[in-house]
Amino acid sequence: DKNESTRIAEFKETLADIQSRQRAREGEVAEMIKKFENELEEMASELKALLSQSESTRLEEFKSMLADIKSKQRVREEEVAELLTAFQKDITEARTHWQNLAKIMASKRTGKQVPITEVPKEAEVPRPVEEAAEEAFEEGDLKARALRIIEDNPQGISLRQIGERLNIAYIRLGSPVNQLIEEGRVVKRDSIYLPA
């Protein structure tokens, strides 16, 4: 049956896409963990330096360091929450596609037509967005483009908003925007990015 074979091919393509996105997210999580480890090493180094100073200086610097740690923790919690939301969306989409594939296989075995469940709209990535994202990666340096958007928003802009303007997943901006911060070209306050 041509219609069923087309559906099966579409499901296989969609499942391959979901697996690809899952691998990309795993890489992003590994990068985030590495970043956490680097921050912990940096904190340990700062604490050693702090302990070698006078008590009053240590207390002031410790208070400052503690405020910085709390701020970074809030940002990390937000990033993890956004990642979990994206994972949940992928899981929902994958579950629907697997259920549909099972229905098609049952239909083939029994010879009866089985209704296919529509993928929830919130789990779909509209094709124009996917195409725009592919074009965005081909158009040029992501870091430079993110900097332009941040500079165009002197009041500040979130990572998610930058991603929306570039038509790409915001999570892919973590590394380029962090490089901009390290270069002193961008400042981060809580989860808002501002031109330096």
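Predicted model: local features only at pLDDT ≥ 70, side-chain atom pairs only at ≥ 80, totals over all residues.
Biologist: How many of the 10 residues of helix H4 are buried?
Modeller: H4 covers residues 142-151; helices (H or I, at least four residues) and strands (E, at least two) are DSSP runs, numbered from the N terminus. Buried is under 20% relative accessible area, exposed over 50% and partly exposed in between (1.4 Å probe, protein chains only). The helix is largely enclosed by the rest of the structure, because its buried residues number 7.

Biologist: At roughly what angle do the axes of H4 and H5 cross?
Modeller: Helix H5 takes in residues 159-166, and its axis comes within 10 Å of that of H4. Axes are lines fitted to C-alpha atoms, for helices over the stretch in contact, with angles from 0 to 180 degrees between N-to-C directions. The crossing is at roughly 110°.

Biologist: What does that make H4 relative to H5?
Modeller: Under 35 degrees would be roughly parallel, over 145 roughly antiparallel, 65 to 115 is roughly perpendicular, and the rest is oblique. That angle therefore makes H4, relative to H5, roughly perpendicular.

Biologist: Which residues in H5 do those of H4 meet?
Modeller: From H4 come Leu142, Arg145, Ala146, Ile149 and Ile150; contact means heavy atoms within 4.5 Å. Across from them, in H5, are Ile162, Arg165 and Leu166.

Biologist: Which strands does H4 touch in the sheet?
Modeller: The sheet is open, with 3 strands in the order S1-S3-S2 and antiparallel pairing. Its edge strands, S1 (157-158) and S2 (186-189), each pair on one side only. H4 packs on this sheet with its direction at about 85° to that of S3, and it touches S1, S2 and S3.

Biologist: Which residue in the hairpin of S2 and S3 takes a positive phi?
Modeller: Most residues other than glycine have a negative phi. This hairpin has 2 residues between the strands, and the phi in question is near 55°. At 46% relative accessible area, the residue is partly exposed: Asp190.

Biologist: Where is Asn167, which also has a positive phi?
Modeller: Asn167 is not a glycine, yet its phi is about 60°. With 34% relative accessibility, Asn167 counts as partly exposed. Its place is in the loop between H5 and helix H6 (174-182).

Biologist: Is Arg25 buried or exposed?
Modeller: Arg25 lies in helix H1 (residues 2-51). Leaving out residues up to four places away in sequence, Arg25 touches Leu83, Ala86, Phe87 and Asp90. Its relative accessible area is 14%, so Arg25 is buried.

Definitions and conventions:
Residues numbered from 1 in each chain as written. Heavy atoms only, no water. Pairing = 2+ DSSP bridges.
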